[in-house]
Amino acid sequence: MDALTDKKTTTSAEAAALRAAIISKLTYDLGKSQTGARDRDWFMATALAVRDRIIDRWLSVTRAAYESGQKQVYYLSLEFLIGRLLRDGVTNLGLTELVNEALAPLGVDFERVRQAEPDAALGNGGLGRLAACFMESLASLGIPAFGYGIRYEHGLFRQIMRDGWQQEFPEDWLNNGNPWEYARPEISHDIGFGGSVEAVVVSDTQIRHVWHPGETVQAVAYDTPVVGWRGEHVNTLRLWSARAADPLKLDAFNYGDHLGALADRVRQESICKVLYPSDESPAGQELRLKQEYFFASAALQDLVRRHLRVYGTLQSLPDRVAIQLNDTHPAIAVAELMRICVDLHGIGWEDAWKITQGTISYTNHTLLPEALESWQVPLMERLLPRHMQLIYLINAHHLDQVRAAHPEDGRLLASVSLIEEAHGRRVRMGHLAFVGSHKVNGVSALHTDLLKKTVFKDFHALSPRKVVNKTNGVTFRRWLQQCNPGLTGLLTESIGPRFLDDASALTALRPMARDAGFQDRFLAVKRRNKDALAAVIRATLDLKVDPHAMFDVQIKRIHEYKRQLLNVLETVALYDAIRSQPTQNWVPRVKIFAGKAAASYHRAKLIIKLAHDVAKVINSDPTVRNLLKVAFLPNYNVSLAEIIVPAADLSEQISTAGMEASGTGNMKLGLNGALTIGTLDGANVEMLEQVGAENIHIFGMTTEEVEARRRDGVQGSQAVDASPRLAEVLDAIGSGVFSPDDRQRYRDLVDAICGSDYFCVAADFEAYYAAQREVDARWSRSPDWQQAAILNTANMGWFSSDRTIREYAGDIWNVPVR
C-alpha cells in the first residue's frame with residue numbers, strides 16, 4: 001500500500017510539474033492568460049512543454065550516432081504526411097496519463113486540445129504517409145536517420161466541395177505557427193539553376209568543369225524531432241524552405257516599382273509554396289523540376305557537409321551513409337552526388353561512381369508512366385546544364401558496358417538508355433535512379449515481380465540481383481494504439497501488452513476469434529468507433545447514418561485505376577435492386593468515400609461529382625428506407641483517416657489488377673478489424689496469404705488476364721452486353737438520371753467504359769457485384785463476420801513498418817537494428 005501511495009504521489013508531482021510547464025509556456029511563450037486562452041493556445045502550450053521533454057534525448061542521440069561512427073540513413077521524399085504530432089509524441093513518450101492529469105485541474109480537455117492542431121500539409125497520399133511511418137519506425141528501432149523534404153507552406157490543397165465539385169484552396173497549416181519545428185537559419189545551402197558551364201584547364205590531361213548558375217536560391221533548414229516508441233530514440237525530419245538570396249531589389253523599389261522589386265523573390269520562393277503544382281503548363285513543369293532538384297541538392301550538400309566534418313573524406317561515404325530515394329522524384333540526386341564528388345571535391349569519375357552507387361538505393365512505387373517521370377532535354381539543359389552533361393556521361397559509360405556485353409543489340413541499347421529518343425528527347429528519371437543505385441526495390445511481391453517483367457525488364461536482365469522486394473508496412477503506434485485506444489485496451493487486457501513492442505504477438509488473438517464473449521467485446525469497440533464516425537458525418541454533411549449498418553469504406557486518392565467509379569456503379573446497381581426487390585432481406589449499408597483528385601485530373605474530379613450526384617439521389621429517396629446511404633467526406637487527411645479507419649467494417653481495395661504498387665490503407669483497415677474486398681493487386685496478395693482466403697473477399701481478373709484483355713483490344717461493350725444490370729446502371733448515369741441539370745455530364749465517362757474500358761470497370765463489374773452479395777451474406781451471420789474481423793486483426797502483424805524497416809536495414813542499408 002505504501003509503494004502504491006508513493007507511486008501516486010510521484011505521478012501527482014510529475015503532473016504538477018508538467019502543468020506548471022504548460023502554464024509557463026502559455027504565459028511567457030504565447031503571452032496568454034489562462035482565462036483568455038482558447039483550445040489553440042492550450043495546444044501550443046502543451047506541445048511546447050512536451051517538446052522540451054524530447055530535446056535532451058534528441059541531442060544526445062544525434063551526438064552519440066557520430067561519436068560511435070554508426071552508419072546513418074538519409075530518407076529523401078517529396079512527401080511526409082505526418083498528420084498531427086501531439087498525440088504521437090505524447091504516446092511514444094508514455095505521457096498520455098500524465099498529460100491528461102496535468103490538464104484536468106485547469107479545466108482543459110486533452111482531446112479538444114489535440115484536435116486544435118492542424119494536419120501538417122506535407123503530403124498527398126500513400127507515398128507521404130509511408131514516409132511518415134518509416135520515419136517513426138526508424139526511430140523506434142534505434143536507427144540514426146534524417147528525413148529530407150520540402151517545407152510546403154500551403155501543401156497540396158484544401159478540398160472544398162461546391163455542389164459536388166471539388167474546389168482547391170491553399171492549406172493554411174502554418175498560419176498560427178508550428179510548435180514542433182526548429183528554424184535553423186544558420187543551416188542553409190545555395191541551390192543553383194540555369195547559367196553556364198565553364199571548362200577550366202587544370203593540366204594537359206585534366207579539365208575541371210565549373211558551373212556558374214544564372215540564379216541561386218537558398219535552402220533553409222527547419223528541423224522536427226521524430227520520437228520513437230517509448231522515447232528511447234529521436235531522429236530528425238529536416239525540411240527545406242526556399243529563401244531568395246536577394247529579398248528585395250532596392251533600386252527598383254525606390255524608383256516606385258514596388259511589385260517589380262519583389263518579383264524575383266516571389267518567383268524563387270514559389271519553390272516551397274505548394275506540393276505538386278500543376279504541370280499542364282511549361283512553367284508548372286519547370287517548377288516541379290526545380291522543387292525536385294532544390295530538395296535533393298540541399299539534402300546532399302547537407303549530408304556531405306556533416307559527413308566531411310566527422311570523417312574528412314567522401315571515400316568512406318558508402319560505409320557511413322545510406323541514401324534512400326523514395327520514388328522517382330529525388331532521382332536527380334544521382335547526378336547531383338556525381339557533381340559534388342567530381343566538380344567540388346576533385347574525385348575521379350570511376351571512384352565517384354562507386355561512391356554514388358554504393359550510397360544510393362531507390363524505391364519504385366508505381367508502374368504508371370506519369371509517375372516514373374521524364375523531363376524534356378531542352379528544359380534540363382536550360383535549368384540544370386551541368387547535370388545534363390553528367391547525365392550524358394553516365395549514359396555513355398552505361399551504354400558502353402551494355403554494348404560490350406550485348407553487341408549489335410540496338411533494341412536493348414534504346415530500351416536502357418537514360419535518354420528517350422522516340423517521342424522528343426527526354427531524360428528518363430526512373431532509368432537514372434536505377435543505374436545510379438546499388439539496390440532497387442518494389443513495395444509488394446506482385447509489384448516487384450511486375451517491375452522485373454515490365455518497367456525494368458531489360459535492366460533486370462542486365463543486373464538480375466539488383467531488384468529486391470520490400471513490402472510496405474504501417475506503424476502500429478499510430479494506426480492502432482493512437483487511433484483506436486478502445487481496441488488497444490481490449491487487446492492488452494486479452495493477450496497482454498507484448499504486441500505493443502512486437503506486432504507479431506498479435507497472433508495470440510487467434511484462439512479468441514470463435515469466443516462469443518470476446519466477439520461481443522470486439523463488436524462493442526467497433527460500435528463506439530462507428531458512433532464517433534457517424535457523428536462526424538452528421539456534423540460535416542448533415543447526413544444521419546445508422547451505426548448498426550455496415551460501414552463500407554473507400555478512402556484514398558481519387559484515380560481511375562483505384563476504381564472509385566466501380567464502387568459508385570455498384571452503389572447504383574444496389575440502389576436499383578433495393579427499389580425493385582423491396583421484400584428481400586437487404587443488409588443496411590453506408591458507403592463512405594474520401595479522397596482528393598489532382599487539381600488537373602479532370603476525369604477524377606468528374607468521378608467525385610458523380611459520387612455526389614448519386615449520393616444526393618439515394619440519400620433523399622424514401623423508398624430506400626435507410627437501407628443505403630452514401631457519404632463523401634471532404635478534405636481527406638491523416639486526422640480524418642484516424643476516425644474512419646477504426647470504424648470501418650468493409651475495406652474497399654478494388655484497383656485494377658497490376659496497377660496498385662502496394663497500398664497501405666488495406667493494412668490500416670485490416671489491422672482495425674475491417675474485412676477486405678479487393679482484387680489480387682498490390683499487397684492484397686500478401687494479405688490473402690496472411691489472413692487466409694476464408695477471411696477476405698477476392699474478386700476480379702488477375703494481372704495476366706488484364707494484360708491479355710488489353711492486348712486483345714476487348715471493348716467494354718462486350719461486358720456491358722453480357723450484364724443487363726450494368727447496362728441499366730450505365731444507361732441511367734449516361735442519360736442524366738443522376739444529373740438532371742446536365743444530362744450529358746457523364747456521357748463521355750460512360751462511353752469510355754463501353755469503349756476501351758482500360759481500367760476494366762465493366763470487365764470486373766459482375767464479379768464485384770457478386771462479391772458484394774457474398775459480403776452481405778457474411779454480415780448477416782454476425783458470429784462469422786466477427787470471427788473473420790478478429791482474425792484480420794490477429795494476422796496483420798506482418799504488415800508493421802517495423803518489419804519493413806528491418807528488411808531495408810539488413811538487405812539494402814547494411815545498418816544494425818536495436
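1. Is Asp 223 buried or exposed? With a relative accessibility of 2%, Asp 223 counts as buried, where buried means under 20% relative accessible area, exposed over 50% and partly exposed in between, computed with a 1.4 Å probe on protein chains only.

2. On the basis of this note: the model is predicted, so that local features need pLDDT of at least 70 and side-chain atom pairs count only at pLDDT 80 or more, while totals for chains, interfaces and linings use all residues. Residues are numbered from 1 along each chain as its sequence is written, and side-chain values use heavy atoms, with hydrogens and water left out.

3. The salt bridges come to 59, a salt bridge being a side-chain nitrogen of Lys or Arg within 4 Å of a carboxyl oxygen of Asp or Glu. Asp 223 takes part in one of them, with Arg 238 as its partner and 2.7 Å between the closest N and O atoms. Because Arg 238 lies in strand S9 (residues 234-244) and Asp 223 in strand S8 (residues 215-227), the pair ties together parts that are 15 residues apart in sequence; helices (H or I, at least four residues) and strands (E, at least two) are DSSP runs, numbered from the N terminus. Arg 238 is itself buried, at a relative accessible area of 5%.

4. A further salt bridge joins Asp 552 to Arg 589, with the closest N and O atoms 2.6 Å apart. Asp 552 belongs to strand S17 (residues 550-555) and Arg 589 to strand S18 (residues 589-594), so this pair ties together parts that are 37 residues apart in sequence. Asp 552 is buried at 1% relative accessibility, and Arg 589 is buried with a relative accessible area of 1%.

5. The strands that carry this pair, S17 and S18, are paired in the parallel sense over six bridges, where two strands pair if DSSP finds at least two bridges between them. Within this pairing, Met 550 stands opposite Arg 589 in S18. Both strands belong to an open sheet of six strands with parallel pairing, in the order S19-S18-S17-S20-S21-S22. Strand S19 (628-633) and strand S22 (697-698) are its edge strands, each pairing on one side only.

6. Two other entries concern charged side chains. Arg 425 and Glu 421 meet in a salt bridge at 3.2 Å, N to O, and Arg 425 is partly exposed, with a relative accessible area of 36%. A network of salt bridges links Glu 215, Lys 249, Asp 264, Arg 267, Glu 286, Lys 290 and Arg 382.

7. Asn 814 has a positive phi near 55 degrees, is found in the segment after helix H34 (801-813), and counts as exposed at 60% relative accessibility.
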